[in-house]
Structures are given as structure tokens and as C-alpha cells.
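The sequence and model come first.

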Amino acid sequence: MSETSPKLRAELEGIPTYKPGRPAASGGPVAYKLSSNENPYPPLPGVMESVTAAAASFNRYPDLACTGLVNELSERFGVPAAHVATGTGSVGVAQQLVQATAGPGDEVIYAWRSFEAYPIITRISGAQPVQVPLTPGDVHDLDAMADAITDRTRLIFVCNPNNPTGTVVKRAELERFLDRVPGDVLVVLDEAYREFIRDPEVPDGVELYRKRPNVCVLRTFSKAYGLAGLRVGFAIAHEPVAEALRKTAVPFGVSQLAQEAAVASLRAEDALLGRVGSLVCERLRVVEGLRGQGWTVPETQANFVWLRLGEHTVAFAAACEQAGVVVRPFPGEGVRVTIGENEANDIFLKAAEGFRKEL
């Protein structure tokens, strides 16, 4: 037997593995998982019935074109069906976008810190990541990002709200940035947390896309809609980009269960708004509680909060776990904490208060 291993692409060297949020330990002291930005509520009304019915046809391939879901999204957002493309969560669609635009020698720009998947999917395509530091207030530095554009730039991610900081870029600054971006560079507005925004100065990316052929909007059913386990996301983009997404999609990647669940979720808007509203109220309570303890907390428009803790990050995460909640640490930088059940938020606030007193 040969001891020679298959040759793999050199670009894979040094690519970090995506790290999911740690689950709550079964049978241990940890009772709540606040590390993955999941929705604590069960599926919306009508979803389980749709999924149960779809399960009867497990032996068949799903609808390759996601026709029902695409038509539902087309009607919901008032866009042509040809401008809608689906994928395995918004991160799956993001990877398709990089594959469609960037290869060896090309550059992909994004803020840092931002969504962990950006450097991974960029390097997988062989392209070069260009990371532009956030401002001291943990917001995208759009001027610096525009300055970073070169003739090798193919795609720019703008995560709005930004993961993991929850901060946003507002209409005037975003439009000014878009005016500076060459028309042949694709700007991806990653709006995975759009439903949680309450600041009227934050623009809806779909409105910006309408008049800008180089703007693509990413959305997901994983967060507000609570379908994280079914992996379904979508993009709204002008036809050349949407068609490229269909070419780079994994065939039959979005299961029929996911398609039916997403359609049912879109039709349960009243229940969705109620749940999102409750989470936004809890978000405000958690932010005010942390600030009352003396923490500096950036203004968040997502379903999580960010604490920049530097060298105390790992110790803080350990203290939370000991108290009964798992949070998401970024060693040396800070922690991201999802807004969860009221009880979970209470435990987190108590743990944060105790840690603050020990500093």
C-alpha cells in the first residue's frame, strides 16, 4: 500500500475551520446556549404541519429551482423571480457569490472583526482576503474600505448589522460608500439580522439594490424565522448575479422540508413580528442591565450583544459557563451573547455583574 497522500490545494493550508457556538452541556451545570444567535422560540405556526407533510416524500428529490419559495419571496419583496436565488443558509449563498466573482489573484474586502465565514469562503476560492479594521466604536469603516479597493477587488461584504458587534451602518454613509465603489465590483449587503433592526436610519438593502446593479442582498431564515436547523437562505440581486448564483449552487441543496418551512414562515408574519418584538425588548433590557453594571456596550440592532473584553475574554466566558450559560468568546477580543429566553438572560446578567465586581 502506498504511503503517498492525495495532493490537495495549497490554498487550504492555514484556512481556519468554522467554529460553531458551543452547545449547553447535557446533564451539566450549563442550562442555556447563548453562543450561536439562534432563536429561542419554536417554529412559527403552520411550519411543523408543512414539514410533516413534506416528510412523506423523502424518497424524492426536492424542487431544484425552489419554485414555490422563490415565487413567495418575489411577491413579498416586490422583485422579479429571476432576481431571487436560494441556497443553504445565507452563508451558503455567500460562498456561491465568492465562487462566482473571485479566484486566484482577486481580492475580497470585508470589515474585521466581522462574520467568521468571510475569510474561510474567500480563501477556499483562492482569492485574497482584505480585512479592514472596524472603527474604535466597532462599526464598519466604510471610508477605509473604499480606500482599500484596487483593480483586483471583485467583491465587498458589508455585514449590516455586523456580526459579532451588532453595530450598523446608516443610510447616508452607506449610499456615499456605494457611490465610491466601481460598478464592476459586487457589494454584498449581508442582512442576516435585518428583522431585528429598529433604527430608522438603517436602510433596507432591497431598496438600495433596485437602482444599483452591483448590489446584492443576503437574507436568511435561520435567525428571526427560527429555521437554523433547516439551512435555507436567499439573495436578491440583478439577473446576471442571480443567474451566477444558480450556476454555482449545489444541486438540490435546499431540501423540500426547508422550502416548505420557509414558505409557511413567510405566511406567519403576525406571529413573527410578535416574537421578534419580544426579543428586541429583551435586547434592550440586557443592554440597559449591562450598562447599569458599568460595561461599555455598543448599540446593537441584532439579536445579540457584544462586550469587548480583550485579555479578560476567556475568563468571562468561563464565568458565564459556570453560572449556567454558554456565550461565544473571541479570545483576546470579546464575547458575543445571544438574546435568549428571559431566564437565560437573567443568568447572564447576574454572571456579568459578578465578573465586573471582580475586575
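Which residue in strand 7 is the bridge partner of Val188? The partner is Cys216. The model is predicted, so local features need pLDDT of at least 70 and side-chain atom pairs count only at pLDDT 80 or more, while totals for chains, interfaces and linings use all residues. Residues are numbered from 1 along each chain as its sequence is written, and side-chain values use heavy atoms, with hydrogens and water left out.

- Strand 6 covers residues 186-190; strands (E, at least two residues) and helices (H or I, at least four) are DSSP runs, numbered from the N terminus.
- Five of the five residues of strand 6 are buried, where buried means under 20% relative accessible area, exposed over 50% and partly exposed in between (1.4 Å probe, protein chains only).
- In a regular strand, side chains alternate between the two faces of the sheet.
- In strand 6 both faces are covered, with Leu186, Val188 and Asp190 buried on one side and Val187 and Leu189 buried on the other.
- Strand 5 (residues 153-159) pairs with strand 6 in the parallel sense over five bridges; pairing requires that DSSP finds at least two bridges between two strands.
- Ile156 is opposite Val187 of strand 6.
- Strand 6 also runs parallel to strand 7 (residues 215-220), joined by four bridges.
- A right-handed β-α-β unit is made by strand 5, helix 6 (residues 171-180) and strand 6; right-handed means that, with the strands pointing away from the viewer, the path from the first strand over the helix to the second runs clockwise.

**Aromatic rings**

- The whole structure holds 13 aromatic pairs, counted when ring centres of Phe, Tyr and Trp (its six-membered ring) lie within 6.5 Å, with planes under 30 degrees apart stacked, over 60 edge-to-face and the rest tilted.
- One of these is the tilted pair of Phe221 and Tyr225, at 4.9 Å centre to centre and 50 degrees between the planes; both residues are buried.
- Tyr110, Trp112, Phe115, Tyr118 and Phe157 are linked by ring pairs into a cluster.
- The charged end of Arg328 sits over the ring of Phe330, 4.6 Å from its centre; the criterion is NZ of Lys or CZ of Arg within 6 Å of the ring centre and within 35 degrees of the ring normal.
- Arg356 lies over the face of Trp295, 4.9 Å from the ring centre.

**Cysteines**

- The search finds zero disulfides, a disulfide being a pair of cysteine sulfur atoms within 2.5 Å.
- For Cys66, the nearest cysteine sulfur is that of Cys216, 16 Å away.
- Cys66 is buried at 2% relative accessible area, whereas Cys281 is exposed at 54%.
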